[in-house]
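My notebook is open, and the model is about to go on screen. I will jot down what I look up as I go, in plain words.

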Amino acid sequence: MNVSGTRLSPQARFLHDLLTGAARWVQRERHLRDLFAGVATASDIPTLDASQLSAYELGALLPAVYRVDIENGDAVDARWEVQKEVRERQPLFTPEACADLFDAMAGERENVRLGAGALVRCPDGAPLDRLADPARAVVERLLREDRLDEPFSLLAAAGLAGLDAEVAERLSAGRGPLAVAEVELLLGWDPAQRALFAEFVREISEAPLHLDVPPPLPDARERLSALPGYVAFVRTTVEAAAARVTAIHAGELPYRAEKAFGVGEKGTIGRAVRIALLRDEPWLPEPLERLVRGVAVAPTKARTLPSQGVLFEIARAAEDHPTPEAVSALRAARDATRHAGVPKQLDRILKRVEPALADRVEVAFRLPDGRVRQELGEHTAVISIEGEAELSWWHGDRKLKTVPAAVKREHPEEVKRLRELAKQARRQQATLVRALEAGYAHQVAPPYRQLEGHPVTDRLIWEFEVSPGVWRGELGLTVPDVPVRLWHPARATPDEVRAWREIVQDKELRQPFKQAFREVYLLTPAEEATATYSNRFAGHVVGYHKLYALFKQRGWQAPYLGPWDGGGDGEARRVLGGGGWRATFLHDYLWHEDGYATTGEVRFHRMAEDGWREARLAEVPPLVFSEAMRDVDLFVAVASIGADPEWVDRGVDGLRDYWHSYGVADLTENARVRRDALARLLPRLAIADRCALTDRFLVVRGDLRTYKIHLGSGNILMEPNDAYLCIVPKGTGSRVFLPFEEDGGMLSVIVSKAFLLAADTAITDPTITRQIRP
C-alpha cells in the first residue's frame, strides 16, 4: 500500500486504515481467532504500536491524523498512538506527504506550526509549487481572522503562497525596529529557511508543545547559523541593543521604566544572544556585559528597570548556552539592580545556569582560577584555591584569624568586595569540578590542557598516551604534548585501582570529586536478560523532595510530581556522551503517602537521524552506562527512606517493612566502594581494635553492647538480638582524614557513629542511652 509517496508496512497500513475509518479493531479480533485456530502467527496480529514505523511512514500518517473523525473511537486511539510517537521522533515527509498535509490544513483545523515543521523536514529540492494553493487558503484565513500567534510559521507559509507583502505588513505593524529588521531579514530567505527559523522559535518558546508537532530538530540552531546574513544580524542586534541602553544611561534617550525596547524586540534580542552564545562568539562578552548591566538598573535612583523582559530573556539564553562571561554579567546585574524581586528571579535562574555551564566543558574550562592577592595598608588579603577557595588575612608572613580592625575601619567596601570574590571563587571552583567530572561521560576528550597550572588538577589522576594505545597514569597534568584524559577505574586493572587508592590514602589527598574510589557499574546478568532496561534500582521508596533536588544538582531534567492529574508518573532524563546518549530514570509519586515516590526502570536512548531511539543496554558505551547508573545509585542512597534513621517512627506498615529491609540489604556498588575505603581506613583509627568489617556491616565493640552499622544505610543493629538503635547525626564532621566525601555524607556518618559507639559508656544523650540500656 502506497500513501503520500510512501510504501507502508503492514503495521503502518493498519494504523492508516484505523485513522481513515477503513478498519475497526474487530479486524484484530479476527486475527486473534486465526491465531488460536492455527492459521496465523503472532507476528500477523496488528497492534496499536507506532514505535517501529519509519520516519517517512510517520510523515505519511500525519495528514490522516489531522482528518480524524473524533466520533470514531478507534481512529482517535490510533491518532493518539501516532501523536505519541511523533512527539518523541522526527517524521520525514515526501513532497506528496507535505502537499497532503497542507491540503488537510486548508480544512477547518489548520496548524500552520505543523505545516512549517513539515516544510523543514521535506527533502531538499522538493517541488514546493504544489503547496501554493493550500498554503494560500491557510494564510488568507489566518489573516482574515487576525490570528498571528505563529508569526514565523505564517511567514514560511506566506513564502509558499506568494503573500509576503501582506504578511510582512501585518507582522511589522507596531513592532520595534529590531523586530522589524528581523522580519525583513527573513523575507530574503526561501520558505524552507523561514520554516527552520520558525522551528528555532518554537524550540525556545515556553508555550506548551502541540500534541502532533515533532520534537525540535537537534541541529536547528547550527543550521540557522549558516543561513544567509543571520550571524551578521545577530551581532548587529546585540550591539544595537547595548548601544540603546548605553544611550539611555547617558541621557541621550529618555528613560521610561520597562520601555527600553518595543514590541517583539525582547524575542529578537533573546534569539540573537542564544545564537551568539551557542557559537561562543569572541566579540560577544563586551556588548553583552553592557546590555545586561544596562537593562538591570535604572539611570536614576528609581527601583525600576529599563527592561526586566530582556534581562530574563538573556538569562534564559545563558541557561541554554552558558559561558563564564555570561554568568559573570548576570551576577553583576543581580548585584547592581535596585528592584526588590529581580535578584530572587536571577538567583533561581543562576542555580540552573551554573550546572549547565559544568556540562559545557569546552567553555567551562575558561573559568578564572579565582586566586587574588591584594595589599590593604600594612595587611594583605589572599584568596587561595589549593583546597576550597578561602579568603585569609596576613600581616607580613603571619596569618591572622580575623579581618584586621584597621582594614575593617579604613576599607569596608574592599572587605565586602573581597568576601564576594571569595564566594565567587568557590562557585567557580565547584562549577569547574562539575565540568571535569562531566567529562567522563563525553565520547570525545574535553580540552583538558586548558587547565595546566590550575591547582585543582594537582589532586586528580590523569592518563597520558605515552605511545599509541599505551596510557600511563600520573598525579597532575605533568606530561606535555601528548593526548590526555582523566583516569577512570573502569579503564584500569584491579591492581591499578588498588594502587591508586593506596596513594590517595597515604598522601591524605582529598580529591575534588570521587576518582580513585569511584564506583564502576557493569552490566549484570539480569540486565543482559531484560536487554533494554535495568531494574537494579527499582522498587525503592524515596523522599520525593530530596530526590528532585538531586535531579537538579546532577543535571537531570524531570517534571515536578504531585497529587494532581498527570502528576504521578515521572521521567528524569540526562543527556550524556556529548549529546549522543540519553538516560531515563522512571519514578512514580506515592499517592497514599504525600511527599514520597517509588523508583522504577532505567533505560537508555541513542540519538539517531529521526530522534531518540531506545537502545539495548549492551550497546551503551561503558562509561556512559556507568556514570548514569552511578547517579541513580546516588539518588536512591541519599533519598531512600531506608537511610533516614527517624523514619522508623513514621509511615504506614508497608513502608516500614521496606525501611527495615533496606537497613540490612546487600550493598550496592556505591556502598561497596565505601566498604573498601573503610577497610583501608580502619587500621589507622584509634578505635581499630574495636572494629571489624563483615560483608555488609562495620561491627563496633563497645563496653555495653556490640553494634553493627550497615554500610549502605548507616542504620545500626545491636547484638545479640539485632535491636535497632536510632541515632540521628547532628553533623557529619569526622575526626579523621577521609579520602572522599559523598552527597549525603554517609562515610562521615558511619565513621562518626563508630567513634561514638566504641565509647558507649561515655554517651550521655538520654535518647540513645535508654535504647542501649533498656
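Is E502 buried, partly exposed or exposed? I looked it up: E502 is partly exposed, with a relative accessible area of 32%. The areas themselves come from the Shrake-Rupley method with a 1.4 Å probe, and for residues only the protein chains shown count as cover.

**Ground rules**

I must remember that this is a predicted model, where local features need pLDDT of at least 70, side-chain atom pairs count only at pLDDT 80 or more, and totals for chains, interfaces and linings use all residues. Residues are numbered from 1 along each chain as its sequence is written, and side-chain values use heavy atoms, with hydrogens and water left out.

**Confidence**

I checked pLDDT next, the predictor's confidence in each residue, from 0 to 100. The protein chain averages 87, and 93% of the residues score at least 70. Confidence is lowest in helix α2 (residues 26-37), with a mean of 51. It is highest in helix α13 (residues 230-249), at 97. For the names, I noted that helices (H or I, at least four residues) and strands (E, at least two) are DSSP runs, numbered from the N terminus.

**Salt bridges**

I went back to E502 and found its partner: R680 forms a salt bridge with E502, the closest N and O atoms being 2.6 Å apart. R680 lies in helix α27 (residues 669-681) and E502 in helix α22 (residues 494-506), so the pair ties together parts that are 178 residues apart in sequence. On the R680 side, the residue counts as buried, at 11% relative accessibility.

The rule I used is that a salt bridge is a side-chain nitrogen of Lys or Arg within 4 Å of a carboxyl oxygen of Asp or Glu. How many salt bridges does this rule give? The count comes to 61.

I picked out two further pairs. D369 and R371 form a salt bridge, with their closest N and O atoms 2.8 Å apart. D369 is partly exposed at 28% relative accessibility, and R371 is partly exposed too, at 41%. In the other pair, the side chains of R334 and D335 meet in a salt bridge at 3.8 Å, N to O. R334 is partly exposed, with a relative accessible area of 25%.

I also found salt bridges linked in a network, made of E437, K514, R518, E519, R554, R574, E627, R630 and D631.

**A positive patch**

Which residues form a positive surface patch? I wrote down K344, R348, K351 and K552. Helix α18 (residues 342-359) gives the largest share of the patch, 3 residues. R348 lies in that helix, α18, and is partly exposed, with a relative accessible area of 48%.

Lys and Arg count as positive and Asp and Glu as negative, while His and the chain ends are not counted. The place of a charge is taken as NZ of Lys, CZ of Arg, CG of Asp or CD of Glu.

I looked for a cis peptide bond and noted the one from E719 to P720, with omega near 15°. P720 sits in the loop between β19 (716-719) and β20 (723-725).

S4 is not a glycine, yet it has a positive phi of about 50°. S4 is in the loop between β1 (2-3) and β2 (6-7) and counts as buried, at 15% relative accessibility. D146, also not a glycine, has a positive phi of about 55°. I found D146 in the loop between α7 (132-144) and α8 (151-161).

**Two valines**

V292 lies in helix α15 (residues 285-296) and is buried, at 1% relative accessibility. Its C-alpha atom is 6.7 Å from that of L330, 38 residues away along the chain.

V263 is in the loop between α13 and α14 (265-279) and is exposed, with a relative accessible area of 55%. The C-alpha atoms of V263 and D129 are separated by 34 Å, and the two residues are 134 apart along the chain.

Terms used
Buried < 20%, exposed > 50% of the residue type's maximum accessible area, 1.4 Å probe, protein only. Patch = residues over 30% accessible without salt bridge, like charges linked within 9 Å, V, L, I, M, F, W, Y side chains within 5 Å.
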